[in-house]
Amino acid sequence: MRTTTSQKLAALQHNPANIRNICILAHVDHGKTTIADCLIASNGIISQRLAGKLRYMDSREDEQIRGITMKSSAISLHFIKDQKDYLVNLIDSPGHVDFSSEVSTAVRLCDGALIIVDVVEGVCPQTHVVLRQAWLENIKPVLVLNKIDRLITELKYSPMEAHLHLQQILEQVNAVTGALFASDVMEKSASKSNGNDDTTQQTTGEQVYDWSAGLEETDDSSLYFSPDQGNVIFASAIDGWGFSISHFADMYASKLNIKADILRKTLWGDFYLNTKTKRIMKGAQNKAKKPLFVQFVLENLWSVYEAVQIRRDTDKIEKIVKSLNLKISNRDARHNDGRIHLQAICNQWLPLSKAILSMVVDKLPSPFDINEERVEKLMCSGGRSFDSLPPQTQELKKDFQACSASSEAPTIIYISKMFQVDKKALPQNRQRPLTHEEIQQKRELARQKHAERLANASMDTNNEKSEEKSSATVSGDQAAAAVSGEVQEIAEKVKDENGETFIAFARIFSGCVKKGQKIFILGPKHDPSKAILQGEEAISTETLDKMENTKHIAHTTIDEVYLLMGRELESMEEIPAGNVFGISGLEDHVLKSATASNTVVCPPFTEMAFEAAAIVRVAVEPTHAADMPSLVKGMKLLNQADSCVETLVQETGEHVIVAAGEVHLQRCLDDLRDRFAKIEISVSAPIIPFRETIIPPPTIDMVNEVIDCENQIQRNRNLDELLDEDTEIMPDGLVKMQTANRQCSICMRAIPLPEPVTELLEINAEVIKVLDKVARGKMDEGRLSSAMLEKIMEFRKTLERTFQEAGKKWKNTMGEIWSFGPRHCGPNILLNRIADYKRPSVWDFLEEGVERTASALREFDNSVISGFQLATLSGPMCDEPMMGVCFAMEGWDINVSKVTAKDKTPRETPQAGQNEITNATSGNAEGVERFGPFSGQMISTVKDACKVSFQVQPQRLCAAMYKCDIQATADVLGRMYAVISKRNGRILQEEMKEGTAVFMVKAVLPIAESFGFAEEIRKRTSGQASPQLFFSHWEIVASDPFWVPSTEEELLHFGEKADSDNQARKYMDSVRRRKGLHVEEKIVEHAEKQRTLGKNK
C-alpha cells in the first residue's frame, strides 16, 4: 500500500531545501534498476518481495525481455528523516553503452548521482564514462558498492579477503575520480599561466612544463569516496540490505563505550581494538590484527549468510533474530528458499532504502546549493564567455541560485529530451476507480432500467402493438441517425485516445510553471542580445513573426504539467522551481532538447555531451510503396523520441537511420515498426562508414621482401585513366591542371599527414570549427569566451609542436595553413605554398597588432576553399570522406589575355555593326566575373586536382573500429578468441582479475564485422562471455585495394591473377555497389561443364 499521495508530493515540491534531484549511474548489470526497485518499495508503490524482480522503472516490453534499461525514467519519492520530510526525484538511467545519451539527459537535470559498482566485476568501462559525465556536469556523486553477497556465495571469500578486495575497488574508483580532478586542475592552471605570461622557458631547445602546477594548492579533501566521510554504502540490492559506517558506529557506541564520532572515523581503515585496554589502536596490518571493519561488520554479515543461506542452522538463526530484536513471519521462516528467509532478516536489520536515502539527503546538494561554476557553464553556449552576455542575462544567475518560485522570478526550464507516452496512460484518459456514491447511483440507475424493461415486456395488447408499428415508421430514421451519431462520436473519441503523444522531460531552475502558461521556446542559436535590441516588452505572439531572431524563438502554451511517477503520470496544477517534471503540448516546437522561459533575455543552455556517437546506419523503406507517407511521418516521430538517433534522407533518396550501436538500432527499428509508422518495413544491410587516406610509398612488398629497382616489375598503377588534355602528372606526384576555359592553371600535391597530427585534428574538431569561422570572418573574435580563446591558443601550440616533431619538411607548415576540411573542421589540411601569394594566416587574429583585411585575399580564394571542401568530403575510392591528407597548392596562375573567341558564349560575341565592348576589371582576375561561370570552373578544377593528386599516391581505406571489453572465464577463452579472429579483430590486453577466475580481455574489432558479434560470442561461450562495444578510433586497413603483383617474389607467390581475398577491396566494392558506382569485377557470361576422361558425354 502506498505510503504517500500525489497531493503530499505536490506540497513537498514547494520546499527546495528538502528536494534532492538524483540519478543512478553504473555499468550495465551492476544493479541500478534493482536498487531503484528497493527505493520505490519504501514508498509502498511495489511490494518489497518484488524488488529486483518487477523492474518497475523498465516499462518497455523489450527492456523486460532483454533485462537491461534502455531509457531514463523518473519517479518522485517521499522520505522522512529526523522528523523532516524530503522529496527525492530519482532518475534511473541505462548502463549499456549504446544508450549513454540517455545518461546525458538524466545527468543534466540532477544535482547528485548514485554511482553503483559491482564489487565482483569492479570498475568497468561504462563506470569510467558515467563518472566523467557526472564530472563534466558538475554534479556531486556518492558511491554504492553493490553485490557484496557474491563475495560470500560465489567467490567464497573470508571476511579478511573481502575487506582487502573492497579496499581495492574503492581505490580504483578514487583513481578514476582523481584522474578527472587532476586533468581539470592542470587545464585551469595551464590556461592561467598562458593568460599571465605567454613566454615559455626553454632549456636545450625544449619546452619545460610543470604538470603538477596547481595540484598542491587545490583542496581535494571532499573529492574522494571514503566510508568514514559517509559517502559510501555497502549493499546487496538483490537481498535488500545496505549500510553505511554510521549504522554500525551507532550500534556499537553503547556496547563498546566509545563515542559514535570516533567509531565513524575508525571503523574503516587500518584500526583495531585492543581487547585489554578497550582502546582503538592504529596499525592493524603491521600487527596482524583484525581491522574493526572485519571484526564488527563483515564477520557478522558472514555469520548471518552462513547460518541462514548456506547451512540453514535453525538454532543459530533463532539466536540471531532474538539478538537483533527482529520479528520474522512464520511464512518467511518456514520457506524452502533460504534467500527468502535471509531477505526477511536483512530487510529489517539493514534496510537498503533507509541507508541510501539517508546518505542522499545528508551528502547530496539541494537545488539551493547549485554552484556558480555550473550556472555559468549552463548559460554560456557556443563558446561564449559569461562576461560577454548582456547585463540583463547575467542577472539571471542570481535567479538560478535563489531557486525562487515567486511570481516575480523568471521561469527558466531546461528540456533534456522528449519521450513518447500512450495517450491512454495520460491522467485525463485513464480510468479511475468509482467512489461509493457513484457506485450507488449506477446501481439505482440499473434497477430503474430493469424495471422499465419488465413493464414494456408485459404490455402485449393489440392497440399497443399497432401504435408501436405506426410510431416505428416515424421515429426509425431519427433513431438510426442518433445511433450513427453516437457511433461516430465514440469512434472519434477512441481515435483520439489511441496513439502516442510526447511529454517533455524537464527541470525548472527558477520560477513556477502552470497549466495554460504562455512561454518562449528558445533554440540553440538564440541570441539574447538581439532580442533585447528588439525590446522584450514588445515581443508577443503578434510581433514575434516580425523579429529578425524569430527563427530561434517560438511562442507556445503549456497544456499540462505532470509529476513523473515511473510508469505513471500525475496531473498537477503547477510545478515550482527545483523539480523534475513533465510537460505536454510542446511536440510541435521541441525536437530533442530546448530551453524554455517566459523571458527572451534567457540564453539557451549549453548542449549536452554525448559519449556514444551515432555511427551505425541502415536504410529503410516500406514493404508496400503506398505506405511511404507513414514511413516519413514515423521517422520524424522517431527522431524526436530518441535523443541520440539521427534520421536523414540521402542524396540517393534513401531514408537512413543512424544509431549508436546494434542494440540501439534494433530498438529504433522496433519503435518505428510498432509505435510510430505502424507499417511493415524493409531494412538494408548496415551502412558502414569508412574514410579514405594515403600513406608514404611502401618499402616492403606483400611477401616481406624489400622493394628495389632490381626486383621491381610494375611499381606504379596505370595512371592513363587519370590523364586528359587539361591534366599533367609529374614524376614526383605533382598534378598540374587547367580550368575548362584555359584561363587558370593550378598545381596540387597530396601528402600524407603524420598520424599524431591527424589525431590532434580529429580531437579538436569543435575548436577548429570556431577557428575557421573567425578566420573567414563569419564570427567576431570579440564574442569568443576567454576559455575558447585559451583552447585555440593551446591547440595552436600543440599543433606546432606536433609538426616540429614530425620532421623538417613540416617545420613551416603552421603559417601555410589555408583551410581545414571537410566541413571546415575535418582532419585534412590545405596548404598555401604558392610563391607569389602571401595569404593572411588563419592565426592572425590571435596576434596583437595584426590587421586582417579582405583586400589581401586573391580573387576566387573562396572558390579554392570550396573545391578543397568538396574533394575531402567525397574521395575518389568510394565517395567516402578523406582523413589524414594534406593538399599543398604549389602554383596558381590566372591568364586572362589568352581568352579566345571560342571561350566566349554566343551572347558574349559582338554582332556585326556593333561596337565591341570589353568589361575590364582591375586585379589579377581581370575580365572575369567574380561569381560567374569561372568561379564554378575554379571549384571543379580544384576538386579534381585534389582527387587526382590523391590517386597518384598509395591509397588506403580507414575502417571504424570498436573497442571491445569482454569478461570471460578461462575455459571459454579459446572459443572467444576464435570468434574475434574470425571477424578480423585482434587482442590488445588480457589480464586475470585478482582473486577470481575471470579474465578481462580488451580487443579491437572493425565495425563492419561487429554485427551479430555479441550474439555469436554468447552462443559460442554458453553465455559466459558478454562483450561491451563502443567506438574507439579509425584504423588504416593494411591491404591495398588496388594491389596487383609488382615484384618477382609476389608473382611467384600469388601468380599473375592474384585472385586471393583482399579485405580492403571487399570493403571498397561493397560501398561502391551500395552507392551505385562502377565496380570492377569479373562476371562469368558463358560457362561450360568440366569434362573428364571418365565422362565424355
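Predicted model: local features only at pLDDT ≥ 70, side-chain atom pairs only at ≥ 80, totals over all residues.
1. Overall make-up. The protein chain has 1097 residues, and 48% of them count as buried. Its secondary structure comprises 31 helices and 36 strands.

2. Cysteines. How many disulfides does the structure hold? The count is 0. C958 has a relative accessibility of 5%, so C958 counts as buried. C964 has a relative accessible area of 1% and is buried too. The cut-off for buried is under 20% relative accessible area.

3. Helix pair, geometry. Helix α28 spans residues 973–982, and helix α29 spans residues 1013–1020. They pack with their axes 9 Å apart, at an angle of about 150°. Why is α28 called roughly antiparallel to α29? The angle is about 150°, and angles over 145 degrees count as roughly antiparallel; therefore α28 is roughly antiparallel to α29. The crossing of α28 past α29 is right-handed.

4. Helix pair, residues. Which residues make the contact? From α28 come R975, M976, A978, V979, I980 and K982. From α29 come F1013, E1016, I1017 and R1020. By class, this contact of α28 with α29 has 6 nonpolar and 4 charged residues. It has no polar residues.

Conventions. Residues numbered from 1 in each chain as written. Heavy atoms only, no water. Disulfide = S-S within 2.5 Å. Buried < 20%, exposed > 50% of the residue type's maximum accessible area, 1.4 Å probe, protein only. Axes fitted to C-alpha atoms, helices over the stretch in contact; angles between N-to-C directions. Helix = DSSP H or I, 4+ residues; strand = E, 2+ residues; numbered from the N terminus. Parallel < 35°, antiparallel > 145°, perpendicular 65-115°, else oblique. Left-handed = near helix turned anticlockwise from the far one by under 90°. Contact = heavy atoms within 4.5 Å. Nonpolar A, V, L, I, M, F, W, Y, C, P; charged D, E, K, R; others polar.
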